[in-house]
Amino acid sequence: AGLATTPMIYYTTAYKKYTASVMITASHNAKEYNGLKISREKALPVGYDTGLNELEKIMNTQKIELAEIPGQIFEIDAKSDYLDFQQSYTTDLSGLTIGIDCSNGMAGLLVRDILGDEPHYIFEELDGSFPNHEANPLVAKNIVDLQKLVMDKQCDIGVIFDGDADRVMFVDEKGQFISPDLMIAVLGYHFFKNGANKGAKVLQDIRTSKSVAEQIKRFDAEAHIWRVGRAYAALKLREIDGLFGGELAGHYYFKDFYYSDSGLLAASLILAITAEQKAAGKSISELIAEIKAYSNSGEINFRIEKKQEAMEAVKNHFIEENEPEALMDFDGYRVEFSDWWFNIRPSNTEPYLRLLVEAKNDDLLKQRVDKITEIIQSFA
């Protein structure tokens, strides 16, 4: 998003002892929005807690003057090196039928160079007005075209990127959307193949299905839960020296990619896994069915001003009923019991509480969602 006239623009500047890179992008947001993604040296992300708060303070309190010495513009061709890296993870996919929706975003710039001409592509042209659908695959109406493509072409899997292609999501051969957090577990079939990387650490966000941690454990690896968002996840993966990680939002992070996220790399790996599974007689939907062990509510949003009060009430109600197996309080609350868990967290920018509940069966899930909804609505 925000890339209609210039597909990708980077600025680098020295600030104190750091070098910053700035990419103009609004990620998955609609055409009327724009934004900046800022990284420090070694692709370290800059979030509000790690520098943007200082920039905000400077902008609000100091007079900004133009530099006496003009800056310089350098054009750097990194495409060939970048493609070499991406293609090193690409395997023979000739046995797969693949549908790919580029969302008229940045994936269209490189995806054919990486995956070739065999997949069925739609909305490949770079167009920041997003004439076909908004570049946010988490919204159900935005994946309808991909679902139709998968069914029409009898694809084994469908792939859809967001606007700047740092996120990627998938639909199975039946056209059903695959919850992106489950793909963290799927990636384990690459990284832990033939018993490799035992004991490695895998990062997931606080909303991730418990099924993922259980699958990671079966690989003899360690699952680590942390806060939502690239600004936190990329730093945490580096801190724990994790092998890879992911989020419910479709970000996937890799140690070999400067602990940062890449939708294109994630797509290559998951397509390779899908090809291997197909050769063994298993579809991607069957693989997901083996991993997924819980009923899941999906993220539910409540518009409410008294967010903290409602969160505390929900947490206190359930921990007073039963002692939880785990309680995490670094991004709202994640409270785990033997047969269900919930995460309740506030939006940082809107008057919303976001709730996700998972349980062993549909009946228990409905009971818990109904009770939490009742508590939250008492604060409306």
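Helices and strands are runs assigned by DSSP, a helix having at least four residues and a strand at least two, and they are numbered from the N terminus. The legends below use these names for a predicted model.

**Figure 1. Overall view of the predicted protein.** The protein contains 11 helices and 19 strands. Its radius of gyration is 21 Å, close to the 21 Å that the globule rule gives for 380 residues, so the protein is as compact as a globular protein of that length. The C-alpha trace spans about 65 × 60 × 40 Å along its principal axes. Of the contacts with a separation of 6 or more, 59% are between residues 24 or more positions apart.

Figure 2. Of the 380 residues, 49% count as buried. The accessible surface comes to about 19,200 Å², and carbon and sulfur atoms account for 49% of that area.

**Figure 3. Two cysteines, Cys 102 and Cys 155.** The closest cysteine sulfur to that of Cys 102 belongs to Cys 155, at 13 Å, which is too far for a bond. Looking from Cys 155, the closest cysteine sulfur is that of Cys 102, again 13 Å away and too far for a bond. A disulfide would need the two sulfur atoms within 2.5 Å. The count of disulfides in the protein is 0. Cys 102 is buried, because its relative accessibility is 0% and buried means under 20%. Cys 155 also counts as buried, with a relative accessibility of 3%.

**Figure 4. Helix α5.** This helix covers residues 182-191 and is mostly covered, with 8 of its 10 residues buried. The buried residues are Leu 182, Met 183, Ile 184, Ala 185, Val 186, Leu 187, Gly 188 and Phe 191. In an α-helix there are 3.6 residues a turn, so residues three or four places apart point the same way.

**Figure 5. Ala 43 and its positive phi.** Ala 43 lies in the loop between β3 (36-39) and α1 (52-61). Its phi is near 65°, a positive value in a residue other than glycine. Most residues other than glycine have a negative phi. Ala 43 counts as partly exposed, at 25% relative accessibility.

**Figure 6. Ser 103 and its positive phi.** Which loop holds Ser 103? The residue is found between β4 (98-101) and α3 (111-115). Phi of Ser 103 is near 60°, which is positive although the residue is not glycine. Is Ser 103 buried or exposed? With a relative accessible area of 1%, Ser 103 is buried.

**Figure 7. Arg 238 and its contacts.** Arg 238 sits in helix α7, which runs over residues 230-239. Its relative accessible area is 26%, so Arg 238 is partly exposed. Which residues are in contact with Arg 238, leaving aside its neighbours within four places in sequence? They are Lys 42, Leu 44, Tyr 258 and Tyr 259. A contact here means heavy atoms within 4.5 Å. From Phe 192, Arg 238 is 46 residues away in sequence and 19 Å away in space, C-alpha to C-alpha.

Terms used: Residues are numbered from 1 along each chain as its sequence is written. This is a predicted model: local features need pLDDT of at least 70, side-chain atom pairs count only at pLDDT 80 or more; totals for chains, interfaces and linings use all residues. Side-chain values use heavy atoms; hydrogens and water are left out. The radius of gyration is taken over C-alpha atoms; the globule rule is 2.2 Å times the number of residues to the power 0.38. Buried means under 20% relative accessible area, exposed over 50%, partly exposed in between (1.4 Å probe, protein chains only). Accessible areas come from the Shrake-Rupley method with a 1.4 Å probe; for residues, only the protein chains shown count as cover.
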